[in-house]
Amino acid sequence: MEKANVNKKPFRKVFGNLLVHVLLAVLAFIWVLPIAWIFITSFRGEKGNYITSFFPKSYTLDNYVKLFTDRSILNFPQMFLNTLIIAIFTCLISTFFVLSVAYCLSRLRFRLRRAYMNMAMILGLFPGFMSMVAVYYILKSIGLSEGPMIRVALVLVYSACSGLGFQIAKGFFDTIPKSIDEAAKIDGATQWVTFTKIIMPLSKPIVVYTILTSFIGPWVDFIFAKVLCRTNAQYYTVAIGLWSMLQKEYIQQWYNCFAAGAVVVSVPIAIIFLFLQRYYVDGMGGAVKG
Amino acid sequence: MAKSKKLKEYDPYSLGNAITKGDIWTKLSMVIMGAGLAAHKQVVKGIIVLAIEVAYIYFMVTAGVGAIGMLPSLGTMEQQKVWNEAKQIYEYTAGDNSLLILLYGIAAIFVTVAFIILWVLQMKQSYKCQVMLQNGHKVPGFGKDLKNLFDGNIHITLMSLPMLGILCFNILPLVFMISMAFTTYSKEGDHLVLFDWNGLENFGRVLNLNGNIGRQFWGVLAWTIIWAIFATALNYILGMVLGLIINRKDTKGKSFWRFCFVLSIAVPQFVSLLIMRTMLDRDGAVNAILMNLGWIHEPLPFLTNAMWARVTVIVINLWVGIPYTLLQVTGILQNIPADLYEAAKVDGANAWVIFWKITLPYMLFVTTPYLITSFTGNINNFNVIYLLTGGAPTYVGDTAGQTDILISWLYKLTIEQQYYNIGAVIGIFTFIILAIVALVTYRNTGSYKNEEAFM
């Protein structure tokens, strides 16, 4: 009886362990499958989205070549350039806004500070694009809804309200000891100097985080770009471009190019994200621990 | 905008004091702004304030008064065709555009409110300078004020532009949109150019269960809540179980498994969702491969049958959401005191009991704010619904599909269908639901002080 028990325990343990690893492998397979699928499809030789086997019958690089050279119907290089320009400007403005606001709310005490944070919380509860129609008419009434100005409009839409997204940066600033500010003050540094010369260099991780997240924004947004660009195809961003490739009229010809485009856009973003993951967890974790 | 709480202590430089105890120059400031400032040795500031007053008066005379005056009627003149004898053609006279009238009216009100705040500030400042001079103190000059903008008042410098952005691109549009809920602005009855105020009629229509819109609203609302509860709870529990499995002592290659799951966050959501949609399509890869294998003979209606589509979006949302939970819980799971587990094991609890009695309560305690954000995030989860099903299937005559949640219905109503007034009402209801959820739960958790709004 006792002998059996001793033998049973390791067996159950090994069996359970095996089971867990098999389960994890199956789940991981499910999670990676769509990503692997799009990667494989981007090299697929046969056209269209009606596919009868997981692995392609022939491999080719044509999809990438077509994506970057066929400018006649869906001008992907142009879209890429548009998004890049918009992303750079959005990034500059947003980073400045987010860091300024987060710094003030974290390190300074002034009237309306609490009010500002409550306001941000309340505004955050409204559906993001509820006001989109209104934003469109505001942009129209100041003449930003036509022609090349659409790019300016998109930059404004992406960056103007970034002052509401201060939480993660504020959480980071909160962790820098206050004594540093006080020491700087005693040495005669103004607040401006403290901000730019002392706190910023100490906050490189969060500066990098803010720059990269605000840079990613325009690449992955689809709704605002669609509403603001309407039918002006020459100002499309990559997100709308990829979306259009899957519309009924294009899908047969463009499905594999969509896959190629998705890979082109996703790879840099994935790298940035995996790099940022640490800060992401830290920012969330810090706030949760309270 | 929220107002700051009134300070309890006595403010010697209040507006009341400025008006009653101010000298002739301070009193003159009530009409000619900046006069008091200029007289009390803040000349540059005084001139700037005066210039703003002139600009404001010019704006009001040329545009503002007209814009606000048109607000009650929202315009009455329709566009008209007039026969031009000289040119022998019909000419169109510009009619009123209610939308622009509403927008300009609201903008003018915003400008006026800002102006009144400035007026109060300059009155107070003028009185303050007067008192300082009377007491023989030195009034800070303009240069000092400028310098102060980079020191003691740096929050004004740093936050003005972000605040302006929020005001113009968030608050103003929101007020504009909310006011649309009280008008007839809609494709219905051809009110796209000229529309009127109609009070609470739209709210009545949306809430009325017997009307067409009302019936859809209650249906969508019910599905939204079911969706949000299922999506949040399943993501949370399954994500936590996955986290537990990966963090088990005996699991090999922890970071590899974590990487596999987190990879899906790294791919932009619209990309992965569009891929899913094409894969699950009637002629998509999943159906084609299953049929090829001979497992099924008819394509499975993943996104075309109402019930199937609802289950599909919840399942796919698991694919999207579980990695986020995993990312979130990994750190916290490692923090659960080990003696709790040991005590439970000594008492003979099995893994199931330990999960329900120890892990889950502990996690709930620590991650309530995350749970709330993910619940509100799911109510607002436009991407998953719109990119996967587009709300489909939709019954004939309805604007809302069977998988539409409030937010995607709102998008359809405004952007695609142009029922702006009903869309605005839906937006307000969405806000009310979120506000109730947030308020009730924030108040009941210790983390009320944490401003959690990452989504």
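Visitor: Is A:Asp174 buried, partly exposed or exposed?

Guide: This is a predicted model. In it, A:Asp174 is partly exposed, with a relative accessible area of 41%.

Visitor: Which residue does A:Asp174 form a salt bridge with?

Guide: The partner is A:Lys170, and the closest N and O atoms are 3.3 Å apart. Both residues belong to helix α7 (residues 167–174) of chain A. They are 4 residues apart, about one turn of the helix.

Visitor: And A:Lys170, buried or exposed?

Guide: A:Lys170 is buried, at a relative accessible area of 11%. The cut-off for buried is under 20%, so 11% qualifies.

Visitor: How many salt bridges are there over all chains?

Guide: The structure holds 7.

Visitor: Now chain B. What does B:Arg215 meet in a salt bridge?

Guide: The side chain of B:Arg215 meets that of B:Asp398, at 3.3 Å from N to O. B:Arg215 lies in helix α9 (residues 212–247) of chain B, while B:Asp398 sits in the loop between α16 (382–388) and α17 (406–416), so the pair ties together parts that are 183 residues apart in sequence.

Visitor: Are those two buried or exposed?

Guide: B:Arg215 counts as partly exposed, at 42% relative accessibility. B:Asp398 is buried, with a relative accessible area of 16%.

Visitor: What about B:Asp404, which residue is its salt-bridge partner?

Guide: B:Asp404 pairs with B:Lys412, and the closest N and O atoms are 2.7 Å apart. B:Asp404 counts as buried, at 1% relative accessibility. B:Lys412 is buried too, with a relative accessible area of 7%.

Visitor: Why would such side chains pair at all?

Guide: Side chains of opposite charge can pair when their charged atoms come close.

Visitor: Changing topic. Which residues form the positive surface patch?

Guide: B:Lys41, B:Lys138, B:Lys144 and B:Lys147 form it. B:Lys41 is placed in the loop between α3 (35–39) and α4 (43–70) of chain B. B:Lys41 is exposed, with a relative accessible area of 59%.

Visitor: Which residues make the nonpolar surface patch?

Guide: The residues are B:Ile24, B:Trp25, B:Leu28, B:Met30, B:Val31, B:Ile32, B:Leu50 and B:Val54, and the patch covers about 720 Å². In chain B, α2 (24–28) and α4 each supply at least two of the residues. The most comes from α2(B), with 3 residues.

Visitor: Where is B:Met30 found?

Guide: B:Met30 is in the loop between α2 and α3 of chain B. At 32% relative accessibility, B:Met30 counts as partly exposed. A patch residue needs over 30%, so B:Met30 passes on that score.

Visitor: Back to chain A. How many helices and strands does chain A have?

Guide: Chain A has 13 helices and 0 strands.

Visitor: What is the radius of gyration of chain A?

Guide: Chain A has 25 Å, whereas a compact globule of 290 residues would have a radius of gyration near 19 Å. Along the principal axes, the C-alpha atoms of chain A fill a box of roughly 80 × 70 × 35 Å. Of the 290 residues in chain A, 54% are buried.

Visitor: Last one. How far apart are A:Gly241 and A:Asp187?

Guide: They are 54 residues apart in sequence and 55 Å apart in space, taken C-alpha to C-alpha. A:Gly241 is in helix α12 (residues 238–245) of chain A. A:Gly241 counts as buried, at 0% relative accessibility.

How values were computed:
Residues are numbered from 1 along each chain as its sequence is written. Chains are lettered from A and ligands numbered from 1 in the order in which they are written. Side-chain values use heavy atoms; hydrogens and water are left out. Patches are made of residues with over 30% relative accessible area and no salt bridge: like charges are joined within 9 Å, nonpolar side chains (Val, Leu, Ile, Met, Phe, Trp, Tyr) within 5 Å. Accessible areas come from the Shrake-Rupley method with a 1.4 Å probe; for residues, only the protein chains shown count as cover. A salt bridge is a side-chain nitrogen of Lys or Arg within 4 Å of a carboxyl oxygen of Asp or Glu. Lys and Arg count as positive and Asp and Glu as negative; His and the chain ends are not counted. The place of a charge is taken as NZ of Lys, CZ of Arg, CG of Asp or CD of Glu. Buried means under 20% relative accessible area, exposed over 50%, partly exposed in between (1.4 Å probe, protein chains only). The radius of gyration is taken over C-alpha atoms; the globule rule is 2.2 Å times the number of residues to the power 0.38.
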